[in-house]
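Q: Please take a close look at one part of this model, the chain lettered A. Then set its partner beside it, and say where the prediction should be read with care.

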Amino acid sequence: MSYFLRRLAFYVFTAWAALTINFFIPRLIPGDPVSALVNGMRGQIDPAQIQSLTVLFGLDKKQSMWEQYTSYLAQLARGDLGISFGNFPLPVSEVLTQALPWTLLLIGVTTVLSFLLGTLLGVFAGWWRGSWIDGLLPATTFLSSIPYFWLGLIAVALFTGVGSFLPASGGYEPGLVPGWSGEFIDSALRHSLLPAATIIVASVGGWLLAMRNMMVTVTAEDYITVAHAKGLSERRVMMNYAARNALLPSVSGFGMALGLVVGGTFLVEYVFSYPGIGLQMLDAIAKHDYPLIQGIFLVVTLAVLAANFLADLAYMALDPRTRKEG
Amino acid sequence: MAITGVGITTPNVAPADPAQTATRRRHGLHRLLVNGKVTSGLVMLGVLTLIAVFGQALAPFDPSKRSSDILQSPSLKHWFGTTHIGQDIFSQVLVGTRSVMFVGFTAGLVATIIGVVIGVTSGYLSGSAAEGLSAISNVFIVIPALPLIIIITNVVPNSGDWTIALVIGFTSWAWGARLLRAQTLSLRRRDFVEAARATGESTWRIIGFEILPNLTAIIASSFIGTVMFAVATEIALAFVGISGISEWNWGEILFWAQGQQALPQGAWWWFVPVGLCIALLGTALSLVNFGIDEFVNPRLRASGQSTVKASDGSRVRMKVGFTPVLADPSRSKEIGI
């Protein structure tokens, strides 16, 4: 239990740190561009929204830093992230709720799939060293040193075009209304195939290598020899003895790798014009939509923290040592 | 050690020459260099460094100069073809190498210095200060780096190569710091460190002369990891058009290619050579890292030689942790086990 509590405390601390970084970054912008934007839109946005932007970006210079900070936290607690300049008059929170499901599904599914695939291949590559699976390593290393987005560009050029089953961009057919209709789900799935495949191909190599190296290290342990000596089947020794122990570092690395995966996915979304958070963020930067940029950073960080927490729970389930009292 | 029984023989493998083993142990650096992966990685890096230094002079054309050869495929005159306004892509790649290498290695250096200071300090010292440093590095690991870097470079005015390198360096040190802290924690109670402490050596001397030399491999591999990350990040920033567009770099070329719809027009030469250069740099760095990994963890070595020919001509499959055995009843008496 103490492991669980320590991790929980760490995530609360990190969430606070992210909130604080998010508080300070806009206050470092030279030349007060948000004031200019707000002044330019006076008359279009109502006073309550101006007030919320004032709190978020510290436009009221008369307040002390501490006063700004407390009112900033109070406002975030209400879920008010201000108003998006680029998608006027939508509030930031609404833009985020539209974009978030796309990214969550894309990252969630691809990351889990590539973790499972890479880890499984890594188990075989480490167990049967020198076999053809082990021979995949140079190829996967090469693939993982190519940036995600470049792979995406090539995929678009190779597999899309007039009459192709796979669409080149977007998240669904332009005419459709998002919803739970069969037609829409079919279209959304088809649009996500290529981005998902790109992310999987680019990220599977890392998991494969990590797992393979851990397997190689673990197979030399005495308990593996003992398991063999007991006459257990090869498959049982490989999966229940070697792989189970070799898996631990990969699981604890899973959450931390997410931060990197998020960055790669943003660029894949950009290449495929996939309507997720990454596309919104790059769009927001082009339009100097500061409230939206801040909101996205905050939401993405909190989502990564939540995913890390899930990875920790999985780790607790796998490693009985973490459940020990004291 | 050998598991033996009736009808099972161990193959006749000559014992390692003790003198040879000793020499090998003495020349650690030499052993690292004779590793094929490290050598080929370093050679590739060397070539790219030469291009980074002399690229400007080698380039056959001015990378920004327009010409009448619009959107041409690769030819003897333009090795990598030309852009929509007739710029020579080969020259752009040559000139752009400098920025990529500069940002990669500067950011790697900055991140490694911060990582070593924070990681070793928080690992060697104890108390709340050390715990605090460790908590800070854990926070920096979890916060997604690319969005943070995008926001900061967007906020900082006139982001040139130096700015980008520093921003990447200051946000990506945490992974190395964490690894170094873990290793320092395990080193600080070893006998040789205790002995140094007992003879009254100062803390800084112990860290500098007892601990740091034992961390060399981890420092090197975290440096290389950060360089890889920094290169990928710089190219990504230029590709989405965030960093300044004053100097050429590989991401810049991709930015223009994407903006001008190069692939739908079939201008593959605008993308492919740059992508291969990025992959070449990435592969070179990974090869060096593999070499360091094998140096640190000998079990990872010699993955290719899984089948060995025994003296009687039969083949044995070698596997780490197993004593190779042959089922051959006719020969068990001759060897006499």
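A: An unreviewed UniProt entry places the feature "transmembrane region" on chain A at residues 9-29, 99-127, 148-168, 188-210, 246-272 and 292-318. The coordinates come from a predicted model. Two of these spans can be checked against the predicted fold. Residues 9-29 of chain A are 90% helix and 0% strand, with end C-alpha atoms 31 Å apart. Residues 246-272 of chain A are 100% helix and 0% strand, and here the end C-alpha atoms are 36 Å apart.

Chain A has 12 helices and zero strands. Its pattern along the sequence is simply α repeated: α-α-α-α-α-α-α-α-α-α-α-α. The C-alpha trace spans about 80 × 60 × 40 Å along its principal axes. Of the 326 residues of chain A, 40% count as buried. Take the contacts in chain A with a separation of 6 or more: residues 24 or more positions apart account for 72% of them.

Next, the face toward the partner. On chain A, 46 residues are in contact with 41 residues of chain B. For the complex, the predictor gives an ipTM of 0.83 and a pTM of 0.82.

Two loop residues in chain A deserve a glance. A:Asp60 sits in the loop between α3 (47-57) and α4 (65-77) of chain A. A:Asp60 counts as exposed because it has 12 other C-beta atoms within 10 Å, and the cut-off for exposed is 12 or fewer. A:Asp60 and A:Asn245 are 185 residues apart in sequence, and their C-alpha atoms are 56 Å apart in space. A:Ser273 lies in the loop between α10 and α11 of chain A. Its phi is positive, about 50 degrees, although A:Ser273 is not a glycine. A:Ser273 has 15 C-beta neighbours inside 10 Å, so it counts as partly exposed.

B:Leu71 is in the loop between α3 (36-58) and α4 of chain B. B:Leu71 is not a glycine either, and its phi is positive, at about 50 degrees. With 17 other C-beta atoms within 10 Å, B:Leu71 is partly exposed.

Now the partner as a whole. Chain B comes to 14 helices and four strands. Of its 337 residues, 42% count as buried. Among contacts in chain B between residues at least 6 apart in sequence, 70% join residues at least 24 apart. The unreviewed UniProt entry lists "transmembrane region" here too, at residues 34-59, 100-121, 133-156, 162-180, 215-242 and 268-292 of chain B. Residues 100-121 of chain B are 100% helix and 0% strand, with end C-alpha atoms 31 Å apart. Residues 133-156 of chain B are 88% helix and 0% strand, with end C-alpha atoms 26 Å apart.

Helix α13 of chain B covers residues 272-296. Its 25 residues should span 36 Å at 1.5 Å a residue, and its end C-alpha atoms are 36 Å apart, which agrees. Of those 25 residues, 19 are buried, so α13(B) is largely enclosed by the rest of the structure.

Last, confidence. Chain B has a mean pLDDT of 80, and 77% of its residues reach 70 or more. Within chain B, helix α4 (residues 89-124) is highest, at a mean of 92. Strand β1 (residues 8-9) of chain B is lowest, at 36. Over residues 1-26 of chain B, pLDDT stays under 50. The model has 30 contacts beyond four places in sequence for that stretch. Where pLDDT is low, predicted coordinates should not be read in detail.

Definitions and conventions: Residues are numbered from 1 along each chain as its sequence is written. Chains are lettered from A and ligands numbered from 1 in the order in which they are written. This is a predicted model: local features need pLDDT of at least 70, side-chain atom pairs count only at pLDDT 80 or more; totals for chains, interfaces and linings use all residues. pLDDT is the predictor's confidence in each residue, from 0 to 100. Two residues are in contact if their C-beta atoms, placed from the backbone, lie within 7 Å. UniProt positions are given in the numbering used here, feature names are shortened, and annotations may be inferred rather than shown by experiment. A residue is buried if 20 or more other C-beta atoms lie within 10 Å of its own, exposed if 12 or fewer, and partly exposed in between; C-beta atoms are placed from the backbone. The expected span of a helix is 1.5 Å times one less than its number of residues.
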